[in-house]
Amino acid sequence: MPQAFADTNDTLTTSRYADCIRACNECADACDYCAASCLREAEPRYMVHCIAMDMDCAALCRVAASAMSRESAHAHEICALCARLCDSCANECARHDMPHCRACAAACRRCADMCRAMSH
């Protein structure tokens, strides 16, 4: 019987980008959680820059993951930009003592490292 679907070895888990895609998705989730948590802080107005960075970073991480999933010709350039934005977001989140900001900073640093390595 002919095989109608792609070989099971030809999946995202075996993609050369799999680790970077995973790091981008984890970073996007951490940024979304951080932004939502910042909004629940007693004085969210002091977290405006962090929230904005989180939203930008999450959006770009998802674009980067999608580009790598499609093996886009522009994945390297998108990942280079993603690394820079993740660095900025990590620096902003690291300024705050809340656990969600610290966790987000760590996820952003991991993602930046993976994207920087992938973009070369």
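Visitor: Which residues touch the most other members of the largest nonpolar core?
Guide: This is a predicted model. Its largest nonpolar core holds 40 residues. Those that touch the most other members are Cys-24, Cys-57, Cys-61, Met-68, Cys-82, Cys-86 and Cys-108.

Visitor: What pattern does the protein chain follow along the sequence?
Guide: The protein chain has four helices and zero strands. Read along the sequence, the pattern is α-α-α-α.

Visitor: What share of the residues in the protein chain is buried?
Guide: Buried means under 20% relative accessible area. The protein chain has 120 residues. The buried share of them is 43%.

Visitor: Among contacts between residues at least 6 apart in sequence, what share joins residues at least 24 apart?
Guide: Take the contacts in the protein chain between residues at least 6 apart in sequence. Then pick out those that join residues at least 24 apart. Their share is 68%.

Visitor: Which residues does Cys-24 contact, leaving aside its neighbours within four places in sequence?
Guide: Cys-24 is one of the residues that touch the most other members of the core. Leave aside its neighbours within four places in sequence. The contacts of Cys-24 are then Cys-61, Ala-64, Ala-65, Met-68, Cys-82, Cys-111 and Cys-115.

Visitor: Is H1 roughly parallel or roughly antiparallel to H2?
Guide: The axes of H1 and H2 come within 8 Å. They cross at roughly 160 degrees. Angles over 145 degrees count as roughly antiparallel. So H1 is, relative to H2, roughly antiparallel.

Visitor: How many nonpolar residues are in the contact of H1 with H2?
Guide: The crossing of H1 and H2 is left-handed. Two residues of the contact are polar and four are charged. The number of nonpolar residues is 19.

Visitor: Is H3 roughly parallel or roughly antiparallel to H4?
Guide: The axes of H3 and H4 come within 8 Å and cross at roughly 155 degrees. The cut-off for roughly antiparallel is over 145 degrees. Therefore H3 is, relative to H4, roughly antiparallel.

Visitor: How many nonpolar residues does the contact of H3 with H4 have?
Guide: Residues of H3 including Cys-82, Cys-86 and Asp-87 meet residues of H4 including Arg-102, Cys-108 and Met-118. By class, the contact has two polar and four charged residues. Its nonpolar residues number 17.

Visitor: Is Asp-54 buried or exposed?
Guide: Asp-54 is found in helix H2. Leaving aside neighbours within four places in sequence, Asp-54 contacts residues including Cys-31, Cys-89 and Cys-104. Its relative accessible area is 0%, so Asp-54 is buried.

Visitor: How far apart in space are Asp-54 and Tyr-33, C-alpha to C-alpha?
Guide: In sequence, Asp-54 and Tyr-33 are 21 residues apart. In space, C-alpha to C-alpha, the distance is 8.8 Å.

Visitor: What is phi of Glu-71?
Guide: Glu-71 lies in the loop between H2 and H3. The phi value is positive, in a residue other than glycine. Phi of Glu-71 is near 55 degrees.

Methods
Residues are numbered from 1 along each chain as its sequence is written. This is a predicted model: local features need pLDDT of at least 70, side-chain atom pairs count only at pLDDT 80 or more; totals for chains, interfaces and linings use all residues. Side-chain values use heavy atoms; hydrogens and water are left out. A nonpolar core is a set of buried Ala, Val, Leu, Ile, Met, Phe, Trp, Tyr and Cys residues joined through side-chain atoms within 4.5 Å. Buried means under 20% relative accessible area, exposed over 50%, partly exposed in between (1.4 Å probe, protein chains only). Contact means heavy atoms within 4.5 Å. Axes are lines fitted to C-alpha atoms, for helices over the stretch in contact, and angles run from 0 to 180 degrees between N-to-C directions. Helices (H or I, at least four residues) and strands (E, at least two) are DSSP runs, numbered from the N terminus. Angles under 35 degrees count as roughly parallel, over 145 as roughly antiparallel, 65 to 115 as roughly perpendicular and the rest as oblique. Ala, Val, Leu, Ile, Met, Phe, Trp, Tyr, Cys and Pro count as nonpolar, Asp, Glu, Lys and Arg as charged, and the others, Gly among them, as polar. A crossing is left-handed if the near helix is turned anticlockwise from the far one by less than a right angle, and right-handed if clockwise.
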